[in-house]
Amino acid sequence: VIIDHDPLDWERLYRQAYPSVYRALVATLLDADLAADALQDAFVAGIDRPPLHDANVAGWLFRVAMRKAGRTRRRRMLALGPTGAVSLERDQIAALLDRLSVGQLLQMLTPRQRSIVVAYFYLDQTQEQIAELLGIRRGTVAATISQALARMRKGEGHVR
Amino acid sequence: MSDDLRDLFKKELDQIPLRPPGTWVPAARHRSAARPTWRFPVTIGGAAIVLIAALVGGSQLASFRERTAAAPGVVAGRALYLSPSFNGSGWIQIDPDNLKDLSSKPLLDIAPSLTNSSATLVSQDGSTILVSDYSPGGVQYSIYDGRTGRPRGYFVPEVPMALDSLSADGRLALGRIGDYRTPMTAEKVILSLADGHVVRRVPPTGEIGPVQARPVAPDLSALYYVVTPSGILDIAVPRSLPYSLYVQSTITGAMSGPIALPGIAAATVVTGTVTTTAMLDVRPAIAISSDGTRLAALSTDGRTLVIVDTRTLVVTELAVHRKTSLLDLLRPLVAEAKTLNDEERVSLAFTPDGQSLISFITSTHYNEQLPPTLTTRGIERIEVATALITAEAFAADGVYGLTISPDGRSVYLIVRAKEPPTPVYLLRRLDAQTLELKAERGLPDYAELEVLAAPDPAAARLPVALPTAPRRSAPGAALGAIFDSTPDYPGYPWIRDGRPVKPEELGTSAGPAHCGWQSATFLTIGWPVGTLSTSSAESRQYIRDPRGVIPNRPRGRLDLNVTVPSDARPTGYMYGANQIYLSPSDQDDAIYVVGPTGAERWPRSVPMSLCQ
């Protein structure tokens with residue numbers, strides 16, 4: 001199905017995908033504010049240039065939001081980001097992720113591994129889709145998932 | 001296994017609470033609403049490098065802790081380091097000429113962190129590296145010896161702060177009180193890096209508009225706010241609005257008035273195709289020289305260069321020009337490419353000697369159906385004194401970072417030569433004089449690669465002085481030091497709106513010596529303010545006569561330590577950090593000279609005092 005350029009239609013698709021993509025971003029970025037901001041940025045990007053097909057809007061949003069988050073995070077690191085109030089929600093979600101076994105597992109992984117694992121296990125993206133979304137080879141996706149599983153099985157982080 | 005894990009992921013991650021649906025869609029649904037206030041100009045970031053940091057022991061937060069440095073001198077000189085940020089291995093030393101690996105041993109003795117959320121500041125003399133780790137649980141600052149890479153300890157500020165800058169000698173840190181969300185105009189603190197103590201608080205600037213860039217003097221004595229036109233992002237129509245500069249002394253907290261930067265503007269333009277138009281905000285590039293004496297702003301079209309002498313605040317506007325242009329042949333291509341862009345970034349960096357600027361413009365294409373592509377429109381070397389382009393090059397590859405070697409011989413670029421799905425990253429070395437490619441090497445698949453050029457030992461000889469505390473006992477001392485020895489006519493060079501003014505508009509000069517009045521200062525100002533006077537009827541005279549050498553005393557009293565009336569307003573005239581104020585309630589009787597540490601009231605002389 002070709003998406004037309006009606007903003008309302010895009011908003012409908014966006015809202016349908018929002019819950020899963022937002023949670024996937026939180027689990028990947030470990031930062032609710034960053035996830036929400038990045039997803040809004042992705043929505044705005046979609047207004048200007050929506051995806052051609054609506055078959056994988058969640059994957060498209062995840063990819064675009066991840067890229068937007070990277071830019072936002074770099075701005076934050078440089079302490080030059082946009083201003084706003086401090087969110088208490090971030091601490092609450094961090095506590096939740098600490099409590100969840102999946103959250104604990106994810107925190108052992110690198111950001112890149114997290115993005116692949118979450119896209120694969122939570123957003124139901126295929127390895128081919130993840131490869132396309134992240135601009136990497138399918139073999140890299142498979143290897144990353146395998147490494148991440150092994151790491152999670154052993155309960156070790158990537159620190160050593 | 002996979003299905004079980006999928007179920008587990010869904011069961012658990014679905015517990016993450018959602019925000020109210022009303023917040024899912026941004027209020028302002030245009031692209032520019034999400035724009036940052038400032039794109040990181042490479043010039044200031046020559047030392048600010050993103051890399052993985054780690055928590056080097058989480059419990060010893062009590063205070064700074066000395067450790068013994070080993071093998072000093074590893075870094076000093078012409079060493080060059082690469083930072084692959086996603087594996088946390090720190091900087092790897094490479095040959096500054098042929099770019100090959102010299103050592104696999106990382107510069108920083110740190111372990112990778114759980115999150116890619118750290119930032120690094122390097123002091124200008126290379127002595128100090130400060131890594132800020134923003135991992136969940138709170139910010140932790142780790143200090144490393146820049147010459148050995150060994151950890152020195154932790155920086156524990158007395159107040160919560162977002163660290164922005166280090167002094168050139170690595171002894172002081174400047175940050176905003178609060179966190180990274182705190183506005184650039186908010187209250188700031190200067191702290192001693194050794195013990196985290198607050199050395200000074202810098203008051204908020206007040207309302208000056210959105211800040212695009214805020215360079216800082218190498219000794220942290222002054223802040224330079226380059227202010228964007230207010231609200232440029234809020235109106236979805238093409239427009240262009242002028243920029244201005246505000247200067248704040250961190251010693252006194254005093255703010256200058258707005259200093260216009262002629263020819264420097266932010267613009268909003270329409271880009272894209274007929275069906276997918278987008279608003280594009282384009283901004284000028286800002287740079288400060290390594291000695292802090294000059295600030296440069298390059299217009300978005302690259303045609304106007306403005307240089308501000310930070311000592312006098314005199315603004316010089318120059319037309320960027322070239323003798324011959326390689327880029328002229330390519331401009332049609334550039335114009336075509338620009339219609340598809342949704343972001344444009346102009347970056348600017350002074351060469352270490354301050355005589356030239358290296359500028360590059362990267363136009364970013366965002367087509368969400370395809371991986372984004374970056375196109376660097378051009379790299380130029382611009383002579384500061386004349387604005388002549390002495391070298392330029394065109395590169396089709398997207399530039400991710402630019403660093404100039406401390407000796408000024410080389411420019412290092414990180415480029416993505418091939419786009420995903422099989423991206424190819426390259427490090428290139430250009431001759432800084434000619435911008436010719438001299439060396440190139442491939443890089444791993446890391447998007448965050450940065451370059452650190454370790455400073456030459458000569459850089460340590462920079463005359464960096466620590467800011468001194470305000471002189472509370474003698475608030476008028478600074479003005480006294482200036483006007484107790486005012487030079488003869490034409491006197492001090494005042495400026496207004498960044499431009500020198502003629503003595504007929506405003507002059508301060510010593511009284512005539514042949515009458516024995518040389519200890520007095522005569523201030524003559526065209527009246528109305530801002531006009532050139534051709535006769536005494538078109539001007540007013542105010543006199544500073546602390547020794548009472550002038551027989552016909554001016555009306556009113558000279559006061560060398562006065563509180564400026566609340567209705568007094570700056571006239572816009574500045575000499576260094578000193579300004580002229582007038583109060584509507586007593587401007588017929590007196591004028592106020594306001595300096596960083598105090599203010600004086602000079603009485604008006606009616607009729608004018610003339611030496612016969």
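The following legends describe close-up views of a predicted model.

Residues are numbered from 1 along each chain as its sequence is written, with chains lettered from A and ligands numbered from 1 in the order in which they are written. In this predicted model, local features need pLDDT of at least 70 and side-chain atom pairs count only at pLDDT 80 or more, while totals for chains, interfaces and linings use all residues; side-chain values use heavy atoms, with hydrogens and water left out.

**Figure 1. Overall composition of chain B.** Chain B contains three helices and 39 strands, where helices (H or I, at least four residues) and strands (E, at least two) are DSSP runs numbered from the N terminus. Of its 612 residues, 56% count as buried; buried denotes under 20% relative accessible area, exposed over 50%, and partly exposed the range in between (1.4 Å probe, protein chains only). Among contacts (heavy atoms within 4.5 Å) between residues at least 6 apart in the sequence of chain B, 52% join residues at least 24 apart. The accessible surface of chain B comes to about 25000 Å², with 55% belonging to carbon and sulfur atoms; areas come from the Shrake-Rupley method with a 1.4 Å probe, and for residues only the protein chains shown count as cover.

**Figure 2. An open six-stranded sheet in chain B.** The strand order is β32-β31-β36-β37-β38-β39, with antiparallel pairing; two strands pair if DSSP finds at least two bridges between them. Strands β32 (499-500) and β39 (598-603) of chain B form the edges, each pairing on one side only. Within the sheet, β31 (residues 495-496) and β36 (residues 569-575) of chain B are joined in the antiparallel sense over two bridges. R496(B) has Y573(B) in β36(B) as its bridge partner.

Figure 3. Twelve aromatic pairs are found over all chains. Rings of Phe, Tyr and Trp (its six-membered ring) pair if their centres lie within 6.5 Å; planes under 30 degrees apart count as stacked, over 60 as edge-to-face and the rest as tilted. Y18(A) and W24(B) form a stacked pair, because their ring centres are 4.1 Å apart and their planes lie at 10 degrees. This pair crosses between chains, from helix α1 (residues 7-29) of chain A, which holds Y18(A), to the loop between α1 (2-13) and β1 (80-83) of chain B, which holds W24(B). Y18(A) is buried at 1% relative accessibility, and W24(B) is buried at 8%. Both belong to one aromatic cluster formed by Y14(A), Y18(A), Y22(A), F43(A) and W24(B).

**Figure 4. A tilted aromatic pair within chain B.** The rings of W494(B) and Y575(B) have centres 5.9 Å apart and planes at 55 degrees, so the pair is tilted. The two residues are 81 apart in the chain: W494(B) lies in the loop between α3 (477-483) and β31, and Y575(B) in strand β36. W494(B) is buried, with a relative accessible area of 1%, whereas Y575(B) is partly exposed at 21%.

Figure 5. Strand β34 (residues 521-526) of chain B pairs with β35(B) in the antiparallel sense over six bridges, T521(B) having R544(B) as its bridge partner. The side chain of R544(B) meets that of D484(B) in a salt bridge (2.8 Å, N to O); a salt bridge places a side-chain nitrogen of Lys or Arg within 4 Å of a carboxyl oxygen of Asp or Glu. R540(B) forms a salt bridge with D588(B), the closest N and O atoms being 2.8 Å apart. D588(B) lies in the loop between β37 (578-582) and β38 (590-595), so the pair ties together parts that are 48 residues apart in sequence. D588(B) is partly exposed at 38%, while R540(B) is buried at 11%. The charged end of R540(B) also sits over the ring of W527(B), 3.8 Å from its centre; for this, NZ of Lys or CZ of Arg must be within 6 Å of the ring centre and within 35 degrees of the ring normal.

Figure 6. The whole structure holds 16 salt bridges over all chains. In one of them, the side chains of D164(B) and R176(B) meet at 2.9 Å, N to O. D164(B) is in strand β8 (residues 161-166) and R176(B) in strand β9 (residues 172-177), so the pair ties together parts that are twelve residues apart in sequence. Both residues, D164(B) and R176(B), are buried.
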